[in-house]
Amino acid sequence: MGAIIVSGLVSGALYALVAAGLSLIWGSLGVFNFAHGVLLMTGAYAAWWLSSPDGLGLGLGIGIVGALAFMVVLGFVVYLLLVRPWIGKANAELAVIMTTIAGSIFLQNLILEIFGGRYKTIDQVVTGTVAIGGTTIQAQNLLVIILAPVLLIAMWLFLTRNRTGLAIRAVAQNQDAAQLFGIGVERIYIATFAVSAVLAGVAGILLGGLFNISPDMGTDPLLRAFVVVVFGGLGSLPGTILGAYAIGMIEAFSSYYIGIYWTPVVLFVVLIGVLVVRPTGLMGRPT
Amino acid sequence: MKKDWTRIGRIASIVVVLAVAAVAPLVLTGGVAQNLAVLSILYAVVASNWDLTLGYAGIFNFAHVAFFGIGSYVAAIATLQFGVPVWLDLILAVVVVVAVGGLVSALALRLRGIYVALVTFALTQLCVALINSAKDITGGPVGLIGVPDLEIRGFELGSEPHAYFYAAEVLLILSTIAMRWLATSHFGLSLVALRDYEAYAVGRGIPARRQRVLAIMASSIPTSLAGCLYAHYLIVASPDVFSFSLTTLLLSMVLVGGAGTIYGPIVAAIVLTVGTEGLHQLGNIRYMIVAVLIVLTLRFLPGGLWSLWTLVPAIRRRRAARVPSPFAEEASS
């Protein structure tokens, strides 16, 4: 039982990090970033390349900091090339789905071309095991469980206290009014993409410590994040986070009691069930 | 006088297309060339049908590739596991896919915009999960091998080298006629009206959800047949048909060819299938090229390659009165 809850919390925490980034971009730009999973993967590769002896071998600390700095730049580039030209156009929503899918194919194959398809591993940020309440868990798992809420709270404080964070929310709520108050909307969009990419990068580095790194490692978390944002409601950060933990728990319990192969089926049924009852998700707002 | 020229042009293009269709299988006799031709024709069927829901109706439908995959799996499972006669599995596949398409779209279209894309994407992933979990029936990640040859009234298509080529062509031609007819009918116009100005269209009495569900069901019929033909031709049904890369390839056909044109995706399907196969030695780089093509098309030629026709002034004048492509219209606004 303890092990199931731990596993649910770990998945929930990772899904929350991934889905929060998606939700943030949706909230302020009104577009959906299908390249988010690939951003996660790229973050993990950047950390691996900087830290691993097979790469530059600079150690894990520099690897993480460097990878996150790289994510800021990558988020900016993705925004500039794949999102910005379509913002404000009639079919921005559909066009950006297409461009970010194209972007994710590009990045994934680029990584495959540079690093090859073989699995790689990043060192865990913390090693060893910890015994809590009769259950032994890997320290890295515990780190994920603790770090994700800390980061999400930090993000919440950033969005409610910091001027840039407040500006992000202002733009999300009413772009025209925000612009009238002198907020540079363009700058805010870039900031949103950077924050979102950094969250994806953190998730990638954590995931890379738990499992292997491969060019398609971002696909599964992204698909789970789809379920999460539909379940919780896009654009609502509390809804997204609640949805992430709910999906993580459902997945953990279903893997144990029903079987790992049938879990995606269970998730889909849950998703359809939610949609039938509440088409905008648990806490979403209509688009 | 002008109208006569239009009619002559139309008849001439029909004659040319039929002539090419009749001669192509006799000319492309090499195994590789023929294989490539059959695949590109089947992809053309899938892409042009996807265009009906994605381009004309503007539904964020990402389950289309799943219809193709389910079609191929129904054919394989029915014939291999249950010994269904080889022609009956075609009908079975259409029935199953139309039912799945109708049910899922009826549920998914309770939602709007991006949510539809997410749920339909999830459906495609669900198919892969189901295939992996029901290994005994579906063969799991390996897929099902040994799908029997397609047999019509005792004639096995595999026994004659051109048979699958012609069968695929017949499917493409019939499906294209049906799609064009649908797209220009009142039904098709109501889809475009819903896409371009939903509130007004609904106000004029068009039932939004019903029309869209019907569009998805209609487009799933030729797509499921293409899936069947695919399985019978390749002798396998593999979970690769649900993969992200096939979805992207087909998506690029719709977009690069020109969404909302039907013909554009057909041309793009043939060009891109042959192109990516021709650049085989480039490996993964060809997918990067396709990705760049998608972005460049959306950026600089939102109407797709087919919209290049409109650069000819006479055609532009004629076309102005017609239905615009979902991406092309925004370029002018």
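Student: Where in chain B is B:Ile235 found?

Tutor: In this predicted model, B:Ile235 is found in the loop between helix H10 (208–234) and strand E4 (236–237) of chain B.

Student: What makes the phi of B:Ile235 worth a remark?

Tutor: Most residues other than glycine have a negative phi. B:Ile235 is not a glycine, yet its phi is positive, at about 65°.

Student: Why is B:Ile235 called partly exposed?

Tutor: Buried takes 20 or more other C-beta atoms within 10 Å, and exposed takes 12 or fewer. B:Ile235 has 14, so it is partly exposed.

Student: And B:Ile262, is that residue buried or exposed, and how do you know?

Tutor: B:Ile262 has 24 C-beta neighbours inside 10 Å, and the cut-off is 20 or more, so B:Ile262 counts as buried. This residue also has a positive phi of about 65° without being a glycine, and it is found in the loop between helix H11 (244–257) and helix H12 (263–278) of chain B.

Student: How do you know that chain B is as compact as a globular protein of its length?

Tutor: Chain B has 15 helices and four strands. Its radius of gyration is 20 Å, and the globule rule gives 20 Å for 333 residues; the two values are close, so chain B is as compact as a globular protein of that length. Buried residues make up 50% of the chain.

Student: What does the comparison give for chain A?

Tutor: Chain A comes to 11 helices and two strands, in the order α-α-α-α-β-β-α-α-α-α-α-α-α. For its 287 residues the globule rule gives 19 Å and the radius of gyration is 19 Å, so chain A is as compact as a globular protein of that length. In chain A, 51% of the residues are buried.

Student: Which residues have the most contacts inside the largest nonpolar core?

Tutor: That core has 205 residues, and those with the most contacts inside it are A:Leu14, A:Ala16, A:Val18 and A:Ala44. Helix H1 (residues 2–29) of chain A gives the most to this core, with 16 residues. Beyond its neighbours within four places in sequence, A:Leu14 is in contact with A:Val144, A:Ala148, A:Ala203, A:Leu206, A:Leu207 and A:Pro221.

Student: Last one: how many residues of each chain are in contact with the other chain, and what gives the largest share on the side of chain A?

Tutor: 39 residues of chain A are in contact with 38 residues of chain B. On chain A, the elements giving two or more residues to this side are helix H4 (92–115), helix H9 (219–232) and helix H11 (263–277). The largest share, 15 residues, comes from H4(A).

Key. Residues numbered from 1 in each chain as written. Chains lettered and ligands numbered in written order. Predicted model: local features only at pLDDT ≥ 70, side-chain atom pairs only at ≥ 80, totals over all residues. Core = buried A, V, L, I, M, F, W, Y, C linked by C-beta atoms within 7 Å. Contact = placed C-beta atoms within 7 Å. Rg over C-alpha atoms; globule rule 2.2 N^0.38 Å.
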